[in-house]
Amino acid sequence: MSRLRERYLEVDGARARVLEAGEGPTVVVLASPVIQAASYRPLLHALAPHARVVAVDLPGAGRSSRVRSPLTFGEHAAWACRLLERLGERDVTLVGHSNSGPVALLAAARAPAGLARLVLADAVGARPRRSLPRV
């Protein structure tokens, strides 16, 4: 089992909790704001033999900095783009799960340098009655 590392990164004045495991191509998992990055531990351990996996608590969630008012998907996406720049990795796979799905989608649309792939898992807005514009 790969060793899990915890650290904090400062991005735009927000301190973000980051969990990392493994080495190789980088996979960044944006934790759904309603759960903590620690919930992704089984995923980190499963992918660690094949990649460097980074799970991030978004600002206002988990053990990251509190925010004065909830951030919009767009604000979280802008922050995520700057996080990716701060990581300085190339050929990154960005994963958005549940409520972080729209965040990852919007971040990918802004095409930050180094982002190669986007994975959405159970992203909100996938159902026609609950589409992204409605969310």
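**Fold, hairpin and salt bridges of the chain**

From the N terminus on, the elements of the protein chain run β-β-β-α-β-α-β-α-β. That comes to three helices and six strands, where helices (H or I, at least four residues) and strands (E, at least two) are DSSP runs numbered from the N terminus. This is a predicted model, so local features need pLDDT of at least 70 and side-chain atom pairs count only at pLDDT 80 or more, while totals for chains, interfaces and linings use all residues. Residues are numbered from 1 along each chain as its sequence is written, and side-chain values use heavy atoms, with hydrogens and water left out.

Some overall numbers come next. Buried residues make up 42% of the 135 residues in the protein chain; buried means under 20% relative accessible area, exposed means over 50%, and partly exposed is in between (1.4 Å probe, protein chains only). The accessible surface comes to about 7200 Å², with 51% of it belonging to carbon and sulfur atoms; such areas come from the Shrake-Rupley method with a 1.4 Å probe, and for residues only the protein chains shown count as cover. Of the contacts (heavy atoms within 4.5 Å) with a separation of 6 or more, 64% are between residues 24 or more positions apart.

Now for the hairpin. Strand 1 (residues 5-11) and strand 2 (residues 14-21) run antiparallel and are joined by seven bridges; two strands pair if DSSP finds at least two bridges between them. Val11 stands opposite Ala14 in strand 2. The hairpin has two residues between the strands, and Asp12 takes a positive phi there, near 50°.

Arg17 lies in strand 2 and Glu6 in strand 1, so the pair ties together parts that are 11 residues apart in sequence. Arg17 is buried, at 1% relative accessible area, whereas Glu6 is partly exposed at 42%.

Glu20 also forms a salt bridge, with Arg52, and here the closest N and O atoms are 2.5 Å apart. Glu20 lies in strand 2 and Arg52 in strand 4, so this pair ties together parts that are 32 residues apart in sequence. Both Glu20 and Arg52 are buried. Arg52 forms a salt bridge with Glu89 as well, at 2.9 Å between the closest N and O atoms. Since Glu89 sits in the loop between helix 2 and strand 5, and Arg52 in strand 4, the pair ties together parts that are 37 residues apart in sequence. Glu89 counts as partly exposed, at 27% relative accessibility. Arg7, Glu20, Arg52 and Glu89 are linked in a network of salt bridges.

Asp57 counts as buried, with 0% relative accessibility. A polar atom of the Asp57 side chain lies 2.6 Å from the backbone nitrogen of Ala37.

That leaves helix 3. In helix 3 (residues 101-109), Gly101, Pro102, Val103, Ala104 and Ala107 are buried. The buried residues of this helix pack against strand 3 (26-30), helix 2, strand 5 (92-97) and strand 6. Ala111 follows helix 3 and has a positive phi, near 50°.

Terms used
Polar contact = N/O pair within 3.5 Å; in protein donor to acceptor, adjacent residues only side chain to side chain. Salt bridge = Lys/Arg side-chain N within 4 Å of Asp/Glu carboxyl O.
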